Amino acid sequence: MTGRADLKEWVRTGSPWVWLTAGTVSLSLCMVVGLLLLIAVNGMGHFWPGRIAAIDYREPDGTRIKLYGEIVDREEVPAARLEENGYRLPDGVVTGERLLIKTGNRDVYGLDFRWIAAPGMERIDYPPALLAVEREEWGNAYGYLVEVRENGRAITTSDTDGPPLAEVQARLDRKQALKEQIAHLERGRIGAVSHAIEQLRLEGRTLELRGQPDPGALQALKDERLALEAEYERLRAELVALGHEIERDSLQLRLAGGEDLTIPLAKVVRVYRPNEMGTFDKLGHYLTKLAEFVADGPREANTEGGIFPAIFGTVLMVLIMSLLVAPFGVVAAVYLREYAKQGPLTRTIRIAVNNLAGVPSIVYGVFGLGFFVYFVGGNIDRVFFPESLPAPTFGTPGLLWASLTLAILTVPVVIVATEEGLARIPVDIREGSLALGATKAETLWRIVLPMASPALMTGLILAVARAAGEVAPLMMVGVVKLAPSLPVDGNFPFLHLDRKIMHLGFHIYDVGFQSPNVEAARPLVYATALLLVIIVVVLNLAAIRIRNQLREKYRASEH
Amino acid sequence: MGGAVRGTALEGEAAVATVRELGVQESKAHRRWRLLEDRWTRNLMAAGGVAVIITILLIFVYLLYVVLPLFASASIQPAASYPVPGGPAETLSLCTEEYAEIGLRLTGDGRAVFFKTRDGQVISDERLALPEGVRITAHAAGDPHAATLSVGLSNGTALVFRHRYSVSFPNDVRTLRPEITFPLGPAPLVIDTDGRPLIHLAVQSQDRQTTLAAVTEDGRLLVTSFAVTRSLLEEGETITRQAATIPGENGPITHLALGLLQRELYTASGDGSIHYYDVTKKTAPTLVDKIGAVGHGQTVTTMQFLSGGISLLVGDSAGGITQWFPVRDDRQSYSLSRARSFSAQTHPITRIAPEFFRKGFAAIDGSGTLGLYHTTAERTLLVQRIIESPADSPVEAVAMSPRADALLVEDGASRLRFFRIHNEHPEVSWHSLWGRVWYESREHPEYLWQSSAATGDFEPKFSLTPLALGTLKAAVYAMLFAVPMAIMGAIYTGYFMSAGMRQIVKPSIEVMGALPTVILGFLAGLWLAPFVEANLAGVFALPIVVPAAVLLAAYLWSRLPEALCRRVPEGSEAALLLPVVAAAIFTALVAGEWLEAMLFAGDMPGWLTRELGIPFDQRNSLVVGIAMGFAVIPPIFTISEDAIFSVPRHLTLGSLALGATPWQTLTRVVILTASPAIFSAVMIGLGRAVGETMIVLMATGNTPIMDWNPFQGFRALSANIAVEMPESEVNSTHYRVLFLAALVLFLATFLFNTVAEVVRQRLRERYSQL
């Protein structure tokens, strides 16, 4: 009796509703934390070397096969689906387990992932000698090292169970050194020569476009070009020699099916035996992979290797955007708050600016493509770069247009934040300054702007955070899945605003959704997402912190 | 603004003057410098500020500038006029080459006269090799892309030929050389074995197959087909001939038309009826349908195919034009259906000239009036009298240039008139963007978005309705999830939560709002979608289990000894509930798995499809709703929370002092006061949901379907732009329609945000009054 009365009383106070509203807050927090954890766990786990299992497996038709690979996922599926595939389960069992095995060796087996049903697994162990070979193409290879070859002849070693890993490692180091030489040659000297040749071609074209070219000047250009082409041929020969050198070694791997696979060392990134690695070895491996991820370029259609070009592109783009957006945003805010007459017009403009912060980013992308790329860029090409037409210079998506579009996209954020900061500065401070004889400009530069600087910073940080995570407009105005070269290099004018760039956010979209091998790409996407989340969250927390401090500061000055 | 600038200038001078009066020592140069600095700063700020504001306005103006040409109507200008080149024989037909530089006139005495359209200068005058004593009794033109022409002769034979133009650059001058070729050889082909004259003719020739339909002088309808085969062993080609006579016609045939794929034959009779024959089997044609094409007392005056060879355009004696095409019904049988009609002209339609690539055409009537139309858009783009003097009527022949930018007309006074047409975007009208359109070969009018295809004469389907509906669907599902969560969360955080916790919760939610949507989309597509598919029952159990668990925990808490309760500070229920909610989610998912195994044989999506007939896509609206919730909850939460938190204290304290419980105070005082802000928060959330791109792009299948099934995907306006914009050709109709989609998004979000902003400003004023 009292229980029911209590319940009634409890409901009457409205307490259940309060708890329910509290529950939504808890749920929201759970969602945020869960999401961040999901990204963190999946993103960080990617670089940890997984053990390679050797599995004896019975196919549904009864044939027995051997599989080497990492177990990357497990899931429960309805029993019916397993039974469709020919596995009998005990009666009364409604779900069965299946495992996703990364078997690697895509060049041999066609696929590098396969699902297997747990009931078909007969034996599983982790032999320490199993070798994982990370390659530049075709993904990983798993198997036993049989022999190391030099110029196609096996190296004799005293070891009975195959050559030692150290032998491979030494040769890998040699290959790495050669590879660096090649890269240096290609990007440095050959790059410079081809750049110079292209410049000469454009110069010649300019002379032609002016009409009546001077034969002497043309001859000079031609001589210069011949000299450069000779230089190019010489470098080319050097490159070919290095290429032969690097292809000297190969290794022989015995795969799960019993066949041997020859892998040229030139295509090998690293070899390791995860099953015999201790925790510290694994940690070392982890850190190496992490460094590779941050500092190297992508391989295999972006599904392997690093994301350095994407980081570089994102940072550079955001930097250029900040250079544009900070002064203009602040000037506009100062004008609106300090100089413009406050009236219906200013109020309308303020509402418009506020609203622009809520206009979908894709609309800015459409505008950027139509106005900047095709209209402005097309006209720049006609006026300044007629010699390279019809190949567009600025009339095509590129770094400059991406930065400009983002600047327009984020300028309302900076304006709103700065204006808010300016509005918070008490009028008596301004009036005090004016009363002491300062001009309005002096008051602005020495009093108002310094006091508003934290708000300005908040606005800029928020703008940068938004720009770093924005993808939709960038897909149209200059971000591509694979840029052939970085926008900064050793050739004049060093910063190439017309080049296309790679971008972290677009990388996630592209690798996660456009990649032919989504399964292989997924861990890398998680890692990239983690990096992006860290950048954005840190920037936002910084902005929130600065804003809160600012509020405290003025709350103190008000009382 | 100008006034303000002047005002501040005075202020600055006044300030400097004050300094001088105070007797502070200051050099003249320095003073001037300070004034200059003040003026320059003012100018800089004004210029910069106005520039930024103009740039922002530019977005709207530019979008509009790109979109507006879509709705412009057509115009036509006379470019030249000259006597018919090649002498005063009857003109059978007129054609032009692609750039309308060279025209071809086929005369009744069997000559092909090529001439410059600019001035009528004859380039070449070729006589067709007709047998002795035979004259031309009929003529026909095939599909314009193949440039096939044919003449029927008085001995029951026909000649098939093409006109071609080869480009060469002698001395760097672009030169076109026209020529006539004979795909079936220069000798006439036997059509009527009886040798009677052919009085009507229709022809189509594609690759190696050529079909002719003809009506003989004695009224027989014949179908003859020629296939060219090239054997591997023997030299040369062999031509096989198949023929049939179609019996039984009502009244004399006045017009013939043969479908592009040589499968349909249409005949118009003097009584205004049209017969539709299937001639797929050339030896055994069958009658499919027979319809009355024109009104009572009227006759068919012209019959032509629209580009693509599917639709038939029929002009009648009252000036009306109707479009017909075969439509398949439920029983897989075809009938000829009237899709639409145009009635802008009043005199009998004498000539119809279809465009080559688009579904538009020009029609000329007996009064010399030209009409330009587009079928898909149902647009009448131009109706203009182009031949003024009645003596010059009627029009003898007309040719549309392949690029639809020029028109060649021969008037009744044997003069050729060359016109330039400006008609950039006829495909789009208000109706075709938002209404149901009956596209060719579809069973009924419908909303479709299909912007491109491999073939050139494809009918583009630019209906924004399915895309707008997709956007709306995404927004609705997202709001269903986000609005209750965000508002209830805001109520708790703004009114009940302790200050310490609030300092943690608010930034967390703000961080949630700052998460790049590409990450949300990626997780939704690659993690959440498979997860929801595998745990569908569990996901449905969540909205029941979680609130139940929360209420249960709350009740148990209220039963705990008071001493214990008092140890926990007030306003930290949310923290206490964290483990409860986490456990409830886990329980719901486990229970869901069990439920799924018990009720749905372990596969609820499969069960939905099998038992209820609800199709299930892995990437569906439910997933989008949840993922977009992440993006939409934070703005709604933040704005509502701010409003609830800043409800003046004296209002709530007064209510509590009068004996209301906190919950009563909340519902009757706080929420009422803050409701405009909550409304504006919802509007802003809606604006964000409508414009969101990456989540809808990655978490749905992007198929433009129209339904409200939460288990199926959609294609949103924003995602559509992202997918199609990079491939769209600059300034094409498709490009401009995508800009229009962007403009629609822009206006929609601008509207939502303005409403929200105005409401919020009102509220701010009210707060300051309270």
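Across the interface of chain A and chain B, 11 residue pairs are in polar contact, both residues at pLDDT 80 or more. A polar contact is a pair of N or O atoms within 3.5 Å; within protein, one must be able to donate a hydrogen and the other to accept it, and residues adjacent in sequence count only if both atoms are side-chain atoms. This is a predicted model: local features need pLDDT of at least 70, side-chain atom pairs count only at pLDDT 80 or more, and totals for chains, interfaces and linings use all residues. Residues are numbered from 1 along each chain as its sequence is written, chains are lettered from A and ligands numbered from 1 in the order in which they are written, and side-chain values use heavy atoms, with hydrogens and water left out.

**The interface of chains A and B**

- Helix α2 (residues 15–45) of chain A gives the largest share of the side of chain A that touches chain B, 21 residues. Helices (H or I, at least four residues) and strands (E, at least two) are DSSP runs, numbered from the N terminus.
- That side of chain A divides into 69 nonpolar, 18 polar and 7 charged residues. Here Ala, Val, Leu, Ile, Met, Phe, Trp, Tyr, Cys and Pro count as nonpolar, Asp, Glu, Lys and Arg as charged, and the others, Gly among them, as polar.
- In all, 94 residues of chain A are in contact (heavy atoms within 4.5 Å) with 101 residues of chain B.
- The two chains bury about 9100 Å² between them, 81% of it on carbon and sulfur atoms. Buried area is the accessible area (1.4 Å probe) that two parts lose on being put together, summed over both.
- A:Trp19, A:Tyr335 and A:Phe513 supply 9% of the area that chain A buries against chain B, more than any other three residues.

**Salt bridges**

- The interface has 1 salt bridge. The term means a side-chain nitrogen of Lys or Arg within 4 Å of a carboxyl oxygen of Asp or Glu.
- B:Arg34 and A:Glu442 meet in a salt bridge through their side chains (2.7 Å, N to O).
- The whole structure has 53 salt bridges over all chains.

**Helix packing between the chains**

- α2(A) packs with helix α6 (residues 517–534) of chain B at an angle of about 75°, with axes 12 Å apart. Axes are lines fitted to C-alpha atoms, for helices over the stretch in contact, and angles run from 0 to 180 degrees between N-to-C directions.
- The two helices are therefore roughly perpendicular (65 to 115 degrees).
- A:Leu35, A:Leu38 and A:Ile39 of α2(A) make the contact with B:Ile519, B:Leu520, B:Leu523 and B:Trp527 of α6(B).

Notes
Parallel < 35°, antiparallel > 145°, perpendicular 65-115°, else oblique.
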